[in-house]
Amino acid sequence: MDFVYDVRASRVVFGTGRIQQVPDEVELLGAEQVLLIAGGRAKTYADELAAALGSRVVDRISEVVMHVPTALATAAAERTEQSGADLLVCLGGGSAIGLAKAVALRTRLPILAIPTTYAGSEMTPIWGLTDGGRKTTGRDRTVLPATVVYDPALTTSLPTDISAASGMNALAHLVEGLYAPDASPVTAVLAEEGIRALADALPRVARAPADLDARTCALYGAWLAGWVVGTAGMGLHHKICHVLGGAYNLPHAGTHSAVLPFVTAYNASAAPAAMARAARALGAQDPARALWELAERIGAPTSLAQVGMDPGRIPEAARLVVETPVTNPRPVDEAAVDKLLRAAYAGILART
Ligand SMILES: NC(=O)c1ccc[n+]([C@@H]2O[C@H](COP(=O)([O-])OP(=O)(O)OC[C@H]3O[C@@H](n4cnc5c(N)ncnc54)[C@H](O)[C@@H]3O)[C@@H](O)[C@H]2O)c1
């Protein structure tokens, strides 16, 4: 056994109806002036939250864009500085949380996050910004939310296709966390638990999106997924998805869903202990095939063609993936990534 365990914890408040507790949590953080970030379809929840926080809300930002364009982040940070806020409260998916992180990176303000998808960003010190078709990510403990409030009731309105793709995004954090550079015995145990929770919950969510028990189980898995990716780190899978998202603006969660089985298959022979855990958690012999079948069953993308990848860009994408070193259990080169992306584009997993 050989590992480094280095964890900064967030306060996590989990349960149906916990959204009501946000004003108390704001007080616990000693904050008086809140800047609320929430866009798109989370608006109704954000309106209710703003009403509950009352005069403590000094400004609201509702323009939220996937992969956080740098110009948007700069404008949001300037607006935050002008507002005099002493706390960022963000409600929504990874895009809203990502914008709050970009603002925190510049303003050093603490974050209270209320996630409504399974992306997991709320549990990580990882920020991401996109400029000129390149996505840059980095780690900074300032952007790790001080408090995270998970309320499964907020996720019942998440459409089934987004739920499915987002759930596969969480599974990607967990599966890659099993062999990522900073994996440890603790991350391995929690990754396995998270995979089990999501593999159980996602088909139930697909069948009955308003099933609060299934939603609770899925959000629990997503919490573990966020913690695992933030703690254990990332490998080839996340590198590929960051390149495809940044360069071609492919949908974040759907891209994870389409790529995950193919990277899992690629790494299978080089990470046997990780694969044994993944297989056990998925209740299957072959984790790559089980992930592909799960995605298909719940209606998540199973090919890059489905998420709008242009096959003519595959050689360029392969070059971009290996442009900087990738830490991965199986060595990576341009030809191998090209082949992997072609298989993922077609959505055809080789029989093992
Ligand atoms: N830094 C990290 O650690 C990290 C981890 C994961 C994802 N991310 C980032 O997060 C972004 C993707 O996040 P995402 O997949 O959650 O997508 P997203 O935040 O864009 O949300 C997807 C869609 O779901 C809608 N939605 C969200 N909550 C809803 C709800 N409760 N009801 C109805 N609709 C709802 C949104 O309005 C949006 O249309 C990417 O930019 C990605 O890079 C970052």
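Tutor: Domain bounds here come from an automatic or database domain assignment, and on that basis the protein is divided into domain 1 (11-155) and domain 2 (166-346). The model is a predicted one, in which local features need pLDDT of at least 70 and side-chain atom pairs count only at pLDDT 80 or more, while totals for chains, interfaces and linings use all residues. Residues are numbered from 1 along each chain as its sequence is written.

Student: Why is the shell around the ligand said to lie between domain 1 and domain 2?

Tutor: Both domains give residues to this shell, so it lies between them. A residue is near a molecule if its C-beta atom, placed from the backbone, lies within 6 Å of it, and 28 residues surround the ligand, the closest being Gly40, Gly93, Gly94, Thr117 and Ser121.

Student: Which helix supplies the largest share of the shell around the ligand?

Tutor: The largest share, four residues, comes from α4, where a helix is a DSSP run (H or I, at least four residues) and a strand likewise (E, at least two), numbered from the N terminus.

Student: What makes glycine 177 count as buried?

Tutor: A residue is buried if 20 or more other C-beta atoms lie within 10 Å of its own, exposed if 12 or fewer, and partly exposed in between, with C-beta atoms placed from the backbone. Glycine 177, whose place is in helix α5, has 29 C-beta neighbours inside 10 Å and therefore counts as buried.

Student: Which residues is glycine 177 in contact with, leaving aside its neighbours within four places in sequence?

Tutor: Two residues are in contact if their C-beta atoms, placed from the backbone, lie within 7 Å, and for glycine 177 these partners are Ala183, Thr187, Ala191, Val228, Val229 and Ala232.

Student: How do you know that the span of helix α3 agrees with its 14 residues?

Tutor: The expected span of a helix is 1.5 Å times one less than its number of residues. For α3 (residues 70-83) this should give 20 Å, and the end C-alpha atoms are 20 Å apart, which agrees.

Student: What puts the buried residues of α3 on the same side?

Tutor: The buried residues of α3 are Ala73, Ala76 and Thr80. They cover an arc of only 65 degrees around the axis, which puts them on the same side of α3; the arc is that of the directions from the helix axis to the C-beta atoms. The face of α3 turned away from its buried side carries the exposed residues Ala71 and Gln82.
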